[in-house]
2 protein chains.
Amino acid sequence: MKVLWVFAHPEPRSLNGALRDDGLRALRAMGHDVRESDLYAMGWKPVVDGDDFRHDPDERLIVGAAQEAAQAAETLSPDIRAEQEKVEWADALVLQFPMWWFGMPAILKGWFDRVFVQGFAFGIKDPATGRSRRYGDNRLCGKRAMVITTYGAREASMGPRGIHGDVEDLLFPLQHGILWYAGISVVSPVLVDAANRMSDCEYELVAKDLRERLRGLSTDGTIPFRYQDRGDYDEDLVLRPELARGQTGLRVHLERSDQVC
Amino acid sequence: MKVLWVFAHPEPRSLNGALRDDGLRALRAMGHDVRESDLYAMGWKPVVDGDDFRHDPDERLIVGAAQEAAQAAETLSPDIRAEQEKVEWADALVLQFPMWWFGMPAILKGWFDRVFVQGFAFGIKDPATGRSRRYGDNRLCGKRAMVITTYGAREASMGPRGIHGDVEDLLFPLQHGILWYAGISVVSPVLVDAANRMSDCEYELVAKDLRERLRGLSTDGTIPFRYQDRGDYDEDLVLRPELARGQTGLRVHLERSDQVC
């Protein structure tokens, strides 16, 4: 399998750096082809602006339209096109980052903002309905992804009733809103809690778990997010009332949520 | 009242730019003192790195510790300190951005990543418990905030059972995880849907609504997120079982969630 590992930590001599090194080594030992986008090492520019698409500064910039036009004309800036080429190449993406303020570091958010543009990550229309394909069916369909994230909080406080919010809900915008939207199937995330006070012994357990999870990257079941176009949502893209009846919250977008209602 | 308006759109001639101009004008007409951080116009650097705190590149960078130490020593880079000074000055923050990939543009995420460091936005310990104060009680306690965000999706698809996830849940990491964590009370967000296809007439309605909401910025009720230290959470920061009994999901962290169980 071809794996693109996207790494968003400024310090290679960190816990994240060690896990990245262990993870890449394990994937290579399994015979996978691996490429890396080490965003800090690359000096990745995370800010969407007119330079991304040779925009005339005298003209009003309409971001979505400018991205789509530049994608079609192949005039996106070379750093964006290089990342798109890696994503196209990959069968699976690994997205590794320390959770800062309950989300991705800006450098990684800006990788998605700039690389996942209309015409690349989304934008196929269904000829029958005229509606954009999304959620399970889009340009990057067939690829897989795994999120690896570290945080200082302890597991319980990031759990279903933990004060910080359930980490699976905090990852919803990334795993469902970006990856699944673009058609990418997502395996369960690798979550590393209490990451700022880990002993060597604890590290070995975490690294072992990571290696096992990477072994299942191509075969493990993926998060059962609902498809947009298989009957679960109505014309307004609202979940049909008979599914997850009476429930709200992000979990209604999992197929298994029906089992509890 | 003193208001800091943080603006994260690259194009002043956009819908967002027009709303910003209308909003600032309205606040001034009400007699408020207003300052602005126009992140694109300022060329804001969103990436946390060693340059933020005069880090010796031969030493391992531990981000949280380096931020805390530089905050205490007053050696954070001048651009960060200038933003902190504005936040300190303000009674209320307005955070305005187009929603890109279901979250803040990287330039705004990186404003929080770099400015809201330990010792500035958080880090007071309770002398009795040794636990950090958070969620309703922290260094920025007493301030208010309002989020203004625009998106292309229609209202229903960002609603409680909409396919993209409820926008209030998508904003949880920002409104609860950043603002409330730091002690800032948050009024309801101003949400502008179908933003990429708005007529002049629709714009006038949106602008009028914005002006009304800004009129209530200092007086409107705030989102009733639970406090960390008023008895709702146990020692592991997990919601006590008798509250929102049997429920999970981000809404359990609202006090009103009790009313429905």
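Which element supplies the largest share of the lining of the largest cavity? In this predicted model, the element in question is helix 7 of chain B, with three residues.

**Figure 1. The largest cavity of the predicted model.** A search of the whole structure finds one cavity of 30 Å³ or more. The volume of the largest cavity is about 330 Å³. Its lining is made up of 23 residues, and those closest to the centre are Phe102(A), Gly103(A), Phe102(B), Gly103(B) and Pro173(B). Rolling a probe the size of a water molecule over the atoms shows where empty space is left.

**Figure 2. The lining of the largest cavity, by element and by class.** Helix 7 of chain A and helix 7 of chain B, spanning 172–180 in each case, both supply at least two residues of the lining. The largest share belongs to helix 7 of chain B, which gives three residues. Sorted by class, the lining residues comprise 19 nonpolar, two polar and two charged.

**Figure 3. The contact between chain A and chain B.** Chain A brings 67 residues to the contact, and chain B brings 67 residues. About 5,200 Å² is buried between the two chains, and carbon and sulfur atoms account for 62% of this area. Within the area that chain A buries against chain B, 21% comes from Trp101(A), Arg161(A) and Ile163(A), more than from any other three residues. The size of an interface is often given as the accessible area lost when the parts come together.

**Figure 4. Salt bridges and polar contacts across the interface.** Two salt bridges are found between chain A and chain B. Arg154(A) is joined by a salt bridge to Asp236(B), with the closest N and O atoms 3.8 Å apart. Between the chains, 38 residue pairs are in polar contact.

**Figure 5. The side of chain A that touches chain B.** Helix 5 (106–115), helix 6 (167–170) and helix 7 of chain A are the elements that give two or more residues to this side. Helix 5 of chain A gives the most, with six residues. By class, this side of chain A holds 36 nonpolar, 15 polar and 16 charged residues.

Note on methods
Residues are numbered from 1 along each chain as its sequence is written. Chains are lettered from A and ligands numbered from 1 in the order in which they are written. This is a predicted model: local features need pLDDT of at least 70, side-chain atom pairs count only at pLDDT 80 or more; totals for chains, interfaces and linings use all residues. Side-chain values use heavy atoms; hydrogens and water are left out. On a 1 Å grid over the protein atoms alone, a cavity is a set of points where a 1.4 Å probe fits but cannot get out, and a pocket is an open set with protein on both sides within 12 Å along at least five of seven lines; lining residues have an atom within 4 Å of a point. Grid points are joined across faces, edges and corners, and a volume is the space filled by probe spheres set on the points. Helices (H or I, at least four residues) and strands (E, at least two) are DSSP runs, numbered from the N terminus. Ala, Val, Leu, Ile, Met, Phe, Trp, Tyr, Cys and Pro count as nonpolar, Asp, Glu, Lys and Arg as charged, and the others, Gly among them, as polar. Contact means heavy atoms within 4.5 Å. Buried area is the accessible area (1.4 Å probe) that two parts lose on being put together, summed over both. A salt bridge is a side-chain nitrogen of Lys or Arg within 4 Å of a carboxyl oxygen of Asp or Glu. A polar contact is a pair of N or O atoms within 3.5 Å; within protein, one must be able to donate a hydrogen and the other to accept it, and residues adjacent in sequence count only if both atoms are side-chain atoms.
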